[in-house]
Amino acid sequence: MILEPIYPKILSVRRLHNAHPSLLEAYGADPSKHSSLGLITCDQDDSTYVALDEATKHSPVDVVYAKSFYAGAAHASGRLSGEILGVIAGANPDEIEEGLKAAIRCLDHDACFYTADADGTIAVFPHVISSLGYYLSEQAGLKFGDSMAYLVAPPMEASIALDAALKAADVRAAKIFPPPTETNFAAAWLTGELPECQAAAEAFAEMVVRVGMNAIEQLG
């Protein structure tokens with residue numbers, strides 16, 4: 001089936017309270033205001049970036065570390081590694097608890113990739129965030145509460161589909177990530193009014209499917 005959800009798999013969730021100041025600093029936290037960390041690994045990096053952003057909407061935590069691992073979950077360094085490590089930092093354990101709960105809810109029920117061909121060898125992430133949190137708004141250079149289409153696909157599919165998305169809706173590119181990303185995809189963050197972001201995401205997904213169905217165009 002095409003455009004069936006590929007649900008992310010959470011591989012590890014840990015809390016670290018009263019973390020050592022050296023560790024806090026190494027992961028980007030500020031020991032003067034952060035004492036607790038929440039760590040999560042998952043087999044989908046982009047779904048996790050969205051989930052970490054969601055955490056900042058529900059708890060006064062900061063995303064201090066979030067990095068994809070090279071070549072993705074298929075080449076993970078261990079069974080708990082997956083494709084990304086995300087770290088939130090807070091002033092106390094309660095803030096971390098609420099932040100992790102929000103991130104997990106998002107991974108369980110909201111952000112995911114979809115199949116873009118019949119045998120599931122092409123995946124697409126046409127995700128729309130109706131209201132950005134503090135993390136992704138800062139990363140994208142947008143405002144808290146702005147809408148954003150978060151689009152990801154393999155290099156050829158994404159390159160063609162991004163052009164289609166930009167032409168299909170009244171959106172602008174906040175950031176484009178040409179291939180290869182750490183996981184060998186390509187991505188873009190487009191912003192505009194929510195309906196325009198949704199239209200752009202739909203056009204992106206549709207074109208990824210079409211490229212997959214017609215990979216080699218006949219030359220004249």
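Helices here are DSSP runs of H or I with at least four residues, strands are E runs of at least two, and both are numbered from the N terminus. This is a predicted model, so keep the cut-offs in mind: local features need pLDDT of at least 70, side-chain atom pairs count only at pLDDT 80 or more, and totals for chains, interfaces and linings use all residues. Residues are numbered from 1 along each chain as its sequence is written, and side-chain values use heavy atoms, with hydrogens and water left out. Let's go sheet by sheet, then look at a helix pair and the salt bridges.

**The four-stranded sheet**
- Strands line up as β2-β3-β5-β4 in an open, antiparallel sheet (two strands pair if DSSP finds at least two bridges between them).
- β2 (10-16) and β4 sit at the edges with a single partner strand each, so one side of each has no neighbour in the sheet.
- From one strand to the next, the twist averages 10°.
- Six bridges hold the antiparallel pairing of β4 with β5 (residues 84-90), and Tyr 65 stands opposite Val 87 in β5.
- Helix α3 (residues 93-109) lies across β2, β3 and β5, at about 15° to β3 (angles run from 0 to 180 degrees between N-to-C directions, with axes fitted to C-alpha atoms, for helices over the stretch in contact).

**The six-stranded sheet**
- The order in this open, antiparallel sheet is β1-β6-β7-β8-β10-β9.
- Its edge strands are β1 (5-6) and β9 (172-177), each pairing on one side only.
- Two bridges join β1 to β6 (residues 113-115), and Ile 6 stands opposite Phe 113.
- α6 lies across β7, β8 and β10 (186-191), running at about 175° to β7.

**Helix α2 and the sheets**
- Helix α2 (residues 45-58) lies across β6, β7 and β8, at about 15° to β7.
- α2 also lies across β3, β4 and β5, at about 180° to β4.

**The α5-α6 pair**
- The axes of α5 (residues 155-168) and α6 (residues 194-213) come within 8 Å and cross at roughly 145°.
- Contact (heavy atoms within 4.5 Å) involves residues including Met 156 and Ile 160 of α5 and Phe 204 and Met 207 of α6.

**Salt bridges**
- There are five salt bridges, each a side-chain nitrogen of Lys or Arg within 4 Å of a carboxyl oxygen of Asp or Glu.
- One of them pairs Lys 33 with Asp 62, the closest N and O atoms being 3.5 Å apart.
- Lys 33 is in the loop between α1 (21-26) and β3 (36-42), while Asp 62 is in β4, 29 residues apart.
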